[in-house]
Structures are given as C-alpha cells and as structure tokens.
Amino acid sequence: MSEPDQLVALDTLRRMAREGKRRFAGLTAYDATFARVLDACGVEFILVGDSLGMVVQGHGTTRPVTMDDMVYHTQCVARSVRRALLISDLPYMSCCDVPMAQANAARLVQEGGAQVVKLEASQEQVEIVRGLSEQGLPVCAHLGLRPQSLTQMDRVRRHGRTPDEAAELRETALALEQAGADLLLLECVVDDLATEITERAGIPVIGIGSGAACDGQILVLHDLLGLTDPMPKHARSFMDSGNGIADAVRAYVEAVHSGSFP
Ligand code: KIV
C-alpha cells in the first residue's frame, strides 16, 4: 500500500499490484488547484487526460486537443503535485510514427513534468510503445475503448464481447507488455476479459468501466464530482457522500481501496 507521505513511483504501483491487498486509485486533473486537492487526498496517480478537450475546452471529442494543450495542462498540474505519480496523455495524431512519438513524449516529460506518458494503443502502436520504452520513457498503453477513435456520432460500447474481439484484445495487451509498456489501462472492457488480462499481465492494470478486478481504477474528475451530463454508465458521483470536493475524493479513494467501487 502507498503511505500518505511517501512519493508514489511506478514501483509503488507494481508492488501494490503484486501484493494485491489494496487497489490503487487515480483521477484526472487539468489544473494546479484540483491537482493539489487530489494529491492531498491520497490518490496514487493523477492523469492529465485528453478528456480535457471535453470537460475543460467544451469540445464533443478529444480530437481537437493539441500537444501544446497537453504540455500546458501538464505543467499546471505538475506545479502542485507533491506525492502522486503524474501521467499525461499523448493526444490525437501525436504519435503517428516512432520519432514523432518519442519527440512528443519527451515534451510531456521535459516541458510538462510528466513521469509516465499514456497513449491509446492497438496492434498498430506496438512498435511505437517499443520505441518509447527503448528511449527510457515510461509508458501506459490504453486499450479497449479508445476515445481518440470515436467521433461524436459513435456509440460508447463495451469491448471484448465477441470471441474475435476478445482474442485481439488479449493479444494486443500481451504484445504491448512485451514491447515495454509499464502500465495497461483498460477502458470499457467486459469484466471477465479485464479480469483475465489483469491476472495474466506482469505489469499493473488500471481499469475504467472494466469491472472490479483491475489492480487500480481511474475516474474522470468531473464524473466523480457529478458534473457530467449525461453521466457515463460506469461512473459514479461521490458528491452525495459528503460536504465537498475533498470529502468526495476521500470517499472515492476509500471505495477503491476497500473494493466497494466499482
Ligand atoms: O483522457 C482521459 O481522461 C482518459 C481516461 C478516460 C482514462 O484517458
């Protein structure tokens, strides 16, 4: 388990996943104030997600988010994070080939202050992940529902329902791990498959809308605060349980740690 005053590193998440006593909790943040509150409330990691395209910038998808946007928001968050591991998203079209991905990931780390970069990945991104890993850039590979592949007209659905889709996800997860990914993130993957991938993986697996078996959980901050309309099916507002934002975040961390959410 992570101690309240100890820095959370990738090794901390690896240890928590290996021990399996307590799952780790993460939330998105896009600015310094919220990052400070979340950090003080004990989340193990903070993600500067390209969901900022929707919840901060008001777009219908994540696609308009640029590298400059990601660097700017990562800098804002990094200024006030003292303890949590800081992960930042590589946005749409920022990793079309290995040199481009390396240059953009380096910007998130060098200019932004990120410790891990996240990219949405299918089989086509395996060599990109290898290229990042070979440069010593810690990588989180995001699979299942990949919001950058969605247009506003697409339906959000659970992934891995058919045998073919499940086999492809299984193989992709394994290939990404073998290519050097440090973390996997499964979004809207059917529970049984997410459980199986988590059990098989030798690296920590983070879930969102993918059941309760993953090593850690992530929620979009605005969902936790009940500010999203309509709320995604997998999300829960924690604002009902207390008197303010800090209580809501503490309730969420406690619920992930104890296994009562998701
Ligand atoms: O951008 C984001 O907030 C994300 C989460 C949905 C995992 O990728």
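A polar contact is a pair of N or O atoms within 3.5 Å; within protein, one atom must be able to donate a hydrogen and the other to accept it, and residues adjacent in sequence count only if both atoms belong to side chains. The exercises below concern a predicted model, in which local features need pLDDT of at least 70 and side-chain atom pairs count only at pLDDT 80 or more, while totals for chains, interfaces and linings use all residues. Residues are numbered from 1 along each chain as its sequence is written, and side-chain values use heavy atoms, with hydrogens and water left out.

**Exercise 1. Describe the place of T172, and state which backbone oxygen its side chain reaches.**

Step 1. Helices (H or I, at least four residues) and strands (E, at least two) are DSSP runs numbered from the N terminus. T172 belongs to helix 7, residues 163-178.

Step 2. Buried means under 20% relative accessible area, exposed means over 50%, and partly exposed lies in between (1.4 Å probe, protein chains only). T172 counts as buried because its relative accessibility is 3%.

Step 3. The side chain of T172 reaches the backbone oxygen of E168 at 2.6 Å.

Step 4. Contact means heavy atoms within 4.5 Å. When residues up to four places away in sequence are not counted, T172 touches A121, S122, Q123 and L143.

**Exercise 2. Determine which residues surround the ligand, and which side chains among them approach its oxygen atoms.**

Step 1. A residue is near a molecule if one of its heavy atoms lies within 4 Å of it. The residues around the ligand are T28, L47, G49, D50, S51, D89, K118, H142, L185, E187, I208 and V220.

Step 2. In the side chain of S51, an N or O atom is 2.5 Å from an oxygen atom of the ligand. For K118, a polar side-chain atom lies 2.8 Å from a ligand oxygen, and for D89 the value is 3.1 Å.

Step 3. A salt bridge is a side-chain nitrogen of Lys or Arg within 4 Å of a carboxyl oxygen of Asp or Glu. K118 and D89 also meet each other in such a bridge, at 2.8 Å from N to O. This pair links distant parts of the chain, with K118 in strand 4 (residues 116-120) and D89 in strand 3, 29 residues apart. Both K118 and D89 are buried.

Step 4. S88 is found in strand 3, residues 85-89, and is buried, with a relative accessible area of 0%. Its contacts beyond four places in sequence include L47 and K118.

**Exercise 3. Explain how the salt bridge between R14 and D182 relates parts of the chain.**

Step 1. Side chains of opposite charge can pair when their charged atoms come close.

Step 2. The whole structure holds 11 salt bridges. In the bridge of R14 with D182, the closest N and O atoms are 3.3 Å apart. R14 lies in helix 1 and D182 in the loop between helix 7 and strand 6 (183-187), so the pair ties together parts that are 168 residues apart in sequence.

Step 3. R14 is partly exposed, at 30% relative accessible area, whereas D182 is buried, at 16%.

Step 4. R157 forms a salt bridge with E165, with 2.8 Å between the closest N and O atoms. R157 is partly exposed, with a relative accessible area of 32%. Salt bridges that share partners join D11, R14 and D182 into one network.

**Exercise 4. State which polar atoms the side chain of R23 approaches, and how far away the nearest side chain of opposite charge is.**

Step 1. R23 is placed in the loop between helix 1 (10-19) and strand 1 (24-28).

Step 2. Lys and Arg count as positive and Asp and Glu as negative; His and the chain ends are not counted. R23 is buried yet has no salt bridge, and the nearest side chain of opposite charge, D215, is 8.1 Å away.

Step 3. The side chain of R23 reaches the backbone oxygen of V256 at 3.3 Å. A polar atom of the R23 side chain also lies 3.4 Å from the backbone oxygen of F261.
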